[in-house]
Amino acid sequence: MRLDPLTNFARPIHSDQDKDLPSRRRFLRTASLAGTAPVLARALQALAAIPATDSASTPFDAKTMRELADWTALSFDTDNPTPIGGQIVDSKTGAQLVRTLNMAYPHHDPSAHGEVTAIRLACAQLQSQSLKGYTLYTTCEPCAMCMSLILYAGLDRVVYGAVLDDAWKVSAHPGLLTLTSAEVKSHSNSTCAVVGPVEHERCAALFVDPRLVAVRKQRLAKPN
């Protein structure tokens with residue numbers, strides 16, 4: 001039985017009961033850190049000719065980012081609205097390993113960014129500390145914390161959508177860590193390719209979506 005961390009770690013994912021659940025609950029299940037799914041065949045063909053460490057964006061990158069952004073936007077109608085989603089795929093085949101959301105707010109964990117939660121579960125699923133051979137997609141440029149973990153995990157590539165400035169404009173901690181992903185990488189000997197922004201406008205729009213803005217105002221109005 002796989003456990004769904006987005007529904008109190010209690011219910012199996014992809015059970016027959018899912019057919020009767022409201023759409024919001026079904027989304028929470030598919031947003032589980034253990035969610036996996038294959039990528040369309042034509043997208044795999046587009047990636048096949050691109051080296052895993054290529055620093056240029058590809059049609060497959062753009063398609064994957066659009067899908068990740070649209071999937072992340074579904075969270076605005078759940079109890080965990082967030083503009084940040086992460087996805088890890090096999091660099092050679094494009095097959096999806098995990099897809100997840102930023103879980104900092106519901107888990108009361110400032111380290112549970114979308115990239116961190118994706119890496120944590122991917123490593124657990126592979127039973128390995130290394131994600132060599134995999135690419136991480138994220139709707140926002142990784143902060144210094146996330147980028148450091150990406151380098152330690154040995155990912156081939158990281159592809160991001162929005163840039164850090166888009167996030168800082170609406171963050172509760174604006175400009176807290178201003179190092180860009182490329183700057184963090186420059187202080188290492190990692191071969192991880194940093195690619196972005198890809199589908200910038202689509203991903204940046206997530207941060208100013210009216211549904212998210214409304215929730216943000218409600219949270220700020222609550223006493224500490």
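Me: Which residues does Cys192 touch, leaving out those up to four places away in sequence?
Reply: Cys192 touches Met147, Ile150, Leu151, Leu155, Asp156, Arg157, Val158 and Lys185. A contact here means heavy atoms within 4.5 Å.

Me: How should I read the numbering, and what kind of model is this?
Reply: Residues are numbered from 1 along each chain as its sequence is written. This is a predicted model, where local features need pLDDT of at least 70, side-chain atom pairs count only at pLDDT 80 or more, and totals for chains, interfaces and linings use all residues, while side-chain values use heavy atoms, leaving out hydrogens and water.

Me: Okay, back to Cys192. Where is it found, and is it buried or exposed?
Reply: Cys192 sits in the loop between α8 and β5. With a relative accessibility of 0%, Cys192 counts as buried. The cut-offs are under 20% relative accessible area for buried, over 50% for exposed, and partly exposed in between, using a 1.4 Å probe and protein chains only. Helices (H or I, at least four residues) and strands (E, at least two) are DSSP runs, numbered from the N terminus.

Me: What about Val184, which helix does it lie in?
Reply: Val184 belongs to helix α8, residues 181–186. Val184 is buried, at 11% relative accessible area. Beyond residues up to four places away in sequence, Val184 touches Ala144, Met147, Ser148, Leu151 and Leu179. Val184 and Met147 are 37 residues apart in sequence, yet their C-alpha atoms are 6.8 Å apart in space.

Me: Which residues of α6 are buried, and what covers them?
Reply: Ala144, Cys146, Met147, Ile150, Leu151 and Ala153 are the buried ones in α6. Their cover includes α5, β4 (157–162), α8 and β5 (193–195).

Me: How do α5 and α6 pack?
Reply: Helix α5 (residues 114–126) and helix α6 (residues 144–153) pack at an angle of about 25°, with axes 9 Å apart. Axes are lines fitted to C-alpha atoms, for helices over the stretch in contact, and angles run from 0 to 180 degrees between N-to-C directions. The two helices are therefore roughly parallel to each other, since that label covers angles under 35 degrees, with over 145 being roughly antiparallel, 65 to 115 roughly perpendicular and the rest oblique.

Me: And which residues meet there?
Reply: Glu115, Val116 and Ile119 in α5 meet Met145, Cys146, Leu149, Ile150 and Ala153 in α6. By class, that contact has 7 nonpolar, no polar and 1 charged residues. Here Ala, Val, Leu, Ile, Met, Phe, Trp, Tyr, Cys and Pro count as nonpolar, Asp, Glu, Lys and Arg as charged, and the others, Gly among them, as polar.

Me: New topic: where is the cis peptide bond?
Reply: The cis peptide bond joins Gly196 and Pro197, with omega about 0°. Pro197 is in the loop between β5 and α9 (200–204). Glu199 lies in that loop between β5 and α9 too, and has a positive phi of about 55° although it is not a glycine.

Me: How confident is the predictor in the protein?
Reply: The average pLDDT, which is the predictor's confidence in each residue from 0 to 100, is 81 for the protein, and 73% of the residues score at least 70. Over residues 1–21 the pLDDT is below 50, and it stays under 50 over residues 32–53. Where pLDDT is low, the predicted coordinates should not be read in detail.
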